[in-house]
Amino acid sequence: MENEQFFSPRPGHENSEKNSDDLSSQNSFVYPPKPEPENKKSNIWVRSITSLALYLLIGYYFFSANWILVLILTGIVIFHELGHFLAMKIYDYKELGIFFIPLLGAYASGTKREVSQKQSAIILLAGPIPGIIVGIVLFLITNERIVDMSYQSFQLLQITATLMIFLNVLNLLPIYPLDGGQLLNRLFLDDTNFIAKIFVLASALALGYLVTRLGMANSFFYVLLIFPLMMLTRLITDRRHDKLTRAIESQGLNLEKTYEELTDEDYWKIRNILIENNYATLRNIPPAPPYEYSANEDKVVAAIESLLQRTIVQDLSWLGKTIVILIWIGGFAAPFVTNMDLPFLHYHR
């Protein structure tokens, strides 16, 4: 917000400050209304389209000698993320978007107050499993020569099939934040559980080792080291997050609600706690009173929204979990069923 606005208690509050015994006047204090969050719907699609454009431009810059392969990879990534996106849309997630990370991939994003364990499992599998199935079909078409096509078309289709199978199977690995790691975390671990944090740490180390091994064959893979670094950073951030959550809840404030459900009093109290605890993005914002909207009040809103907790609904029985795990394990069978080679590692246009 460009203009700062000053809020004072309604008339009569000045006297309550002078007379501390006048409790009824003190209790009549009216907090300024909490700011409305920005309209994220339009911003999400702008960010999605912008990230896709950057993804393609940077991909072209690094792989201009093999632009067709960049387009194939982009198509596979979009197909994968659309699976997650459509599943989230079916389950009424809000603020949906697909965001692309140049040279690394993409992720589908959405928010929901109550997160169902069953729905989460379906959403996580909706990305890799359809991709594996389509990859197998394409692989069989090329392997059995079911469709008559030119050699160049045959080669591109075979590469597409192989990449689609490989990348989606890779995404099923039990390493966080890959879909397989998120699936196991959601089925058996609590996000705030100490064991879950150990799992993320082990995943970061395992992913770092895997990337290092791949980097020995092709130095390009070293760029993927950003993922384990991000995971380790997340552990540090989560620790800070947990500390703030305890500080807020110690004041009798409930974070298990949506931003819309927060009262104006909740907003200003949480705002003060964040500022007093030197929240990174709010260090130049003074605490209340006086009750002023800062020029960076949108950062306060974003910080508070990030702390609000979702409710995990444990609605998946052990039979259901067993079925999900069998589907997850079945995805790893694709390379063996198709007797797949990995020619893309050696492919040059």
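Tyr107 is partly exposed, with a relative accessible area of 38%. Here buried means under 20% relative accessible area, exposed over 50%, and partly exposed in between (1.4 Å probe, protein chains only). This is a predicted model: local features need pLDDT of at least 70, side-chain atom pairs count only at pLDDT 80 or more, and totals for chains, interfaces and linings use all residues. Residues are numbered from 1 along each chain as its sequence is written, and side-chain values use heavy atoms, with hydrogens and water left out.

**Overall make-up**

- The protein chain holds 14 helices and 6 strands. Both are DSSP runs, numbered from the N terminus: helices are H or I with at least four residues, strands are E with at least two.
- The chain has 349 residues, and 39% of them count as buried.
- Take the contacts in the chain with a separation of 6 or more: 68% of them join residues 24 or more positions apart. Contact means heavy atoms within 4.5 Å.
- The accessible surface is about 20200 Å², and carbon and sulfur atoms account for 60% of that surface. Areas come from the Shrake-Rupley method with a 1.4 Å probe; for residues, only the protein chains shown count as cover.

**Around Tyr107**

- Tyr107 sits in strand 3 (residues 105–111).
- Leaving out residues up to four places away in sequence, Tyr107 touches Glu81, Gly97, Ile98, Phe99 and Ile101.
- His84 is 23 residues from Tyr107 in sequence; in space the two are 8.6 Å apart, C-alpha to C-alpha.

**Helix 5**

- Helix 5 (residues 117–125) is largely enclosed by the rest of the structure, because 7 of its 9 residues are buried.
- The buried residues are Gln117, Gln119, Ser120, Ala121, Ile123, Leu124 and Leu125.
- Their cover includes helix 4 (67–90), helix 6 (128–143), helix 8 (179–188) and helix 13 (318–331). Strand 4 (114–116) and strand 6 (311–313) are also among the covering elements.

**Salt bridges**

- The count comes to 4 salt bridges. The rule asks for a side-chain nitrogen of Lys or Arg within 4 Å of a carboxyl oxygen of Asp or Glu.
- Asp92 pairs with Lys94, and their closest N and O atoms are 3.0 Å apart. Asp92 is partly exposed, at 46% relative accessibility. Lys94 is partly exposed, at 46% as well.
- Glu265 and Lys269 form a salt bridge at 2.7 Å, N to O. The two lie 4 residues apart in helix 11 (residues 264–276), so about one helical turn separates them. Glu265 is partly exposed at 33%, and Lys269 is partly exposed at 34%.
- Glu297 bridges to Arg271, with the closest N and O atoms 2.9 Å apart. Glu297 is in helix 12 (residues 297–307) and Arg271 is in helix 11, so the pair ties together parts that are 26 residues apart in sequence. Glu297 is buried, at 0% relative accessibility. Arg271 is buried too, at 1%.

**A buried lysine**

- Lys257 lies in the loop between helix 10 and helix 11.
- Its relative accessible area is 16%, so Lys257 counts as buried.
- Beyond its neighbours within four places in sequence, Lys257 contacts Arg113, Leu262, Asp266, Leu308 and Gln309.

**Surface patches**

- Patches are built from residues with over 30% relative accessible area and no salt bridge; like charges are joined within 9 Å, and nonpolar side chains (Val, Leu, Ile, Met, Phe, Trp, Tyr) within 5 Å.
- A nonpolar patch is made of Phe194, Ile195, Ile198, Leu201, Leu205, Leu229 and Leu232, with about 680 Å² of accessible area together. Helix 9 (194–217) and helix 10 are the elements that give two or more residues to this patch. Helix 9 gives the most, with 5 residues.
- Phe194 is in helix 9. Phe194 counts as exposed, at 60% relative accessibility.
- A positive patch consists of Arg239, Arg240, Lys243, Arg246 and Arg283. Lys and Arg count as positive and Asp and Glu as negative; His and the chain ends are not counted. The place of a charge is taken as NZ of Lys, CZ of Arg, CG of Asp or CD of Glu.
- Arg246 belongs to helix 10 (residues 226–249). Arg246 is exposed, at 55% relative accessibility.
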